[in-house]
Amino acid sequence: MNIIKLFDSFNLDNKSEEQQDIYMSRKEVFRKMGGFAKNAALASLPLAAFTAMPVMAFAGTSEVMDVLKFALTLERLEYKFYEKGLSSGVIAQEDMNIFKAIRDHEKAHVEILETTIQSLGGNLEDVPGKFDFTAEGRLPSPFEYYDLFMALSQAFEDTGVRAYKGQAPNLMDNDALLTVALQIHSVEARHAAQIRRMRGEKGWISEVDGIEGLGYEFMDASMPVYAGEENTTHAGVNVTKVTQISANAVKEAWDEPLSKQAVVDIVKIFLVS
Amino acid sequence: MSKINYFREKGLNPEEELNKSRRSFIKYGGAALATSAIFLSGCELIDDYLPPKDPKPGMVDLGSGDTGILNYAYALEQLEAAFYTKVALTGFFSGASYEDIGVLDDVRKHEVAHRDFYKAALGKKAIGELEFDFSSVDFGNKESVLATAKTFEDLGVAAYNGAGKLIQNPDILVVAGKIVSVEARHAAAIMNLINPGGAFADFLNGGLDRAFMPSEVLKAAGPFIVTKIDASNLPTA
């Protein structure tokens, strides 16, 4: 499976000098942060960003199939996360109905994508289906710490919204697929707003650098989830120049896409090869 | 423009043909070429050379192609912006909590920003200011205001979801995607205000949000829109 194979690409041999520089300097930063994190309750780097990685691709498949398998990876991640959360007892009683609904939505998304992939002649074998929500021990178990469960939920949902948005142009040739992707995309956005509000945040992404509430390390490591959300220029129009509304409200009013690679970089530490 | 005459002689609709060729260009030129510069100059190119389609007297014509879809979105954002502006100007409903006001005023700002963006992006192709009728809303009453807000947000989401496949230019599709997810966030927040602790709207039970075609959306929004809108030139597939 190629998301996993990607990890092998940390072997520096096949990287250009420039890529090596980027990789080494980031690694250096992370190593130092790791030391700093030893005393933190939630140590280390749950959501690291290595931008110097090659573009992910499922070998021998079309671009559309590639998008579908990428989406299925994310939906399986979310579904398993909520399924495990619901059975672990970590979820507060008053929130159970919300997480059950979200779990059911994610389950439906998984089924829709699996059916679609198979009906287009694709196979499901190379799509990741095993996950480690401690990110190989970087995090405590989110199924024991509700605050962490909620924070990861927010990260997954806000990332999911950005992932679907980024892939929409790749589905333009297929009206039915594009429409279903959009119908899933807005459900993920509803989830994101719901979770954010349960965490005491605004439903929309506002003046955010990373996810707050779990300490500096977690916030810093979750920054890639919100990278670029401060953009105020859309279709060539700098909106702050054409409205009386404050720049911060303009930032809130548009969500930004993420490339497939940026999304893979965020979620890869939760995937088990 | 000779290309247009060429299409006319062949009995083809020049705008449709130009849109088609633009789509192929974008499709085959790859995403890297489909920059916003092409989007903007693309709109200008096509529309500037076309005579106005026989405008129906007393009606606002949304136009055709991506311009039509942008005007359609502009009309819906005008509706939302006007509604939330009135909610704010009437002092919010009686008994509004700090939370109610915080959410509704944020949503007002977002919708006004969306409206102003479309006006600027469309430039001289933008439809004028529409006139609305909110007489069915009791602005002093929480249930009435929030039910109307929910209707508009859910309808807005369904409108963008349905219009996605009608958009030719990938850059415009992404812009629509950037806005629709914020509308969906609004819808979730409004649901929280209506029913704290409640989950999601029943229509989401199958895991999919709704996707409505422009004709359905304009019919649903019709009771609130006084200005007559001609959507007959919008793409339908």
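Residues are numbered from 1 along each chain as its sequence is written, and chains are lettered from A in the order in which they are written. In this predicted model, local features need pLDDT of at least 70, side-chain atom pairs count only at pLDDT 80 or more, and totals for chains, interfaces and linings use all residues, while side-chain values use heavy atoms, with hydrogens and water left out.

Me: What is the mean pLDDT of chain A?
Reply: pLDDT is the predictor's confidence in each residue, from 0 to 100. In chain A, 78% of the residues reach 70 or more. Over residues 1-60 of chain A, though, the pLDDT is below 50. The mean for chain A is 82.

Me: And what does chain B average in pLDDT?
Reply: Residues 1-10 of chain B stay under 50, and residues 17-52 of chain B are below 50 too. Still, 77% of the residues of chain B score at least 70. The average for chain B is 84.

Me: How much area do chain B and chain A bury between them?
Reply: Buried area is the accessible area (1.4 Å probe) that two parts lose on being put together, summed over both. Here 59 residues of chain B are in contact (heavy atoms within 4.5 Å) with 56 residues of chain A. Of the buried area, 64% is on carbon and sulfur atoms. The total is about 4600 Å².

Me: How many salt bridges are there between chain B and chain A?
Reply: A salt bridge is a side-chain nitrogen of Lys or Arg within 4 Å of a carboxyl oxygen of Asp or Glu. One of them joins Lys202(A) to Asp106(B), with the closest N and O atoms 2.9 Å apart. The count between the two chains is seven.

Me: Which element gives the most to the side of chain B that touches chain A?
Reply: Helices (H or I, at least four residues) and strands (E, at least two) are DSSP runs, numbered from the N terminus. Among the elements giving two or more residues to this side are α5 (98-122), α6 (142-163) and α7 (170-194) of chain B. With 18 residues, the one that gives the most is α7(B).

Me: Is Ala235(A) buried or exposed?
Reply: Buried means under 20% relative accessible area, exposed over 50%, and partly exposed in between (1.4 Å probe, protein chains only). Ala235(A) is found in the loop between β1 (233-234) and β2 (237-238) of chain A, and has a positive phi of about 50° although it is not a glycine. Because its relative accessibility is 12%, Ala235(A) counts as buried.

Me: Is Glu136(A) buried or exposed?
Reply: Glu136(A) lies in the loop between α4 (96-119) and α5 (146-167) of chain A. Its phi is positive, about 55°, although it is not a glycine. Most residues other than glycine have a negative phi. Because its relative accessibility is 63%, Glu136(A) counts as exposed.
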